Amino acid sequence: MPSFTLLTQAIVSGLFTGAIYGLLGLGLSLSWGLLRQINLAHFGLAFASAYLTYALNEHGVDSLFALLIMPPVFFVIGAAIQWVMARFKVSPFNSLLVTFGLTIILEALLQWIWTADYRRLETPYGDMKLRLGGIYFPLPEMITLGISVAVAAAVWLVFRRSDIGKAIRAAAEDAPIAVAFGINEKALALGLAGLNAALASIAGVCIALTYTLAPSQIFTWVGVVFAVVMLGGLGRPWGPLIAGCAIGVVEALTMAIAAPAWAPLVSFSLLLVMLLTRPGRA
């Protein structure tokens, strides 16, 4: 049986891992729940942001400064993708196929530019750790957790307290009625798609801070983030973060107690149990 310190460290590490799951799942949850699009390109955009952060760092730009650069750029990209999808009236199912194709293209572009070799972002604070009672808190992971909580809170405030957020939720519930009351559904959809892409770019910066990069890793995130989105609920700002932390902790404890190979099995078993016992929330 692992020691108390090892289990505590596993829980802390699981929370940090879950934070990136939740941050990556937030934009996908909003896209799926409010735009009715299963946007697999979300993962490709996140890794494109991660590689661009790596490239900026290679040219002397601090990776945290990328948090100011990436969101506006990817907002425009996300809005452009949404404009094309709306122009051709892509259905929800077809959006899965179209965005899967976009992800394949992005993976190929990343591999063409940076090759398939693993890349590691080197920063002055990359190896910094805070130690409390034998438990280590790596600074990059702490930054990621703080960003995840701040972003989830900001999105929740916008959707619950602002007129734009209320209009987006109204359009998602009943678009014809919302349009009849003067809501510009198309403009809101463009803005929401841009926001989702901006969220993907923030997640990409955090991925670059804490993980080694390789283009092929894009698809390793798909399964667990889909589980996070389903468990957290569609269109709910706090849901992916809470579900992500729960799955991250379960995975970390499973790796500490049993073996790393068991972690995905436990996570998806939890998803199946939730879907079977609470189908109305799926």
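Reply:
**The strand pair**

Strand S1 (residues 129-132) pairs with strand S2 (residues 135-138) in the antiparallel sense, over 4 bridges. Two strands count as paired if DSSP finds at least two bridges between them. Strands are DSSP runs of E, at least two residues long; helices are runs of H or I, at least four residues long; both are numbered from the N terminus.

This is a predicted model: local features need pLDDT of at least 70, side-chain atom pairs count only at pLDDT 80 or more, and totals for chains, interfaces and linings use all residues. Residues are numbered from 1 along each chain as its sequence is written, and side-chain values use heavy atoms, with hydrogens and water left out.

Now look across the pair. Arginine 131 has tyrosine 136 of S2 as its bridge partner. S1 and S2 form a hairpin, with 2 residues between them. Glycine 133 lies in the turn and has a positive phi of about 60°.

Next, step back. The protein has 11 helices and 2 strands. Along the sequence, the pattern reads α-α-α-α-β-β-α-α-α-α-α-α-α. The radius of gyration is 19 Å, close to the 19 Å that the globule rule gives for 282 residues, so the protein is as compact as a globular protein of that length. That radius is taken over C-alpha atoms; the rule is 2.2 Å times the number of residues to the power 0.38. The C-alpha atoms fill a box of roughly 60 × 50 × 35 Å, taken along the principal axes.

Finally, burial. Buried residues (under 20% relative accessible area, 1.4 Å probe, protein chains only) make up 48% of the 282 residues.

How values were computed:
Buried < 20%, exposed > 50% of the residue type's maximum accessible area, 1.4 Å probe, protein only.
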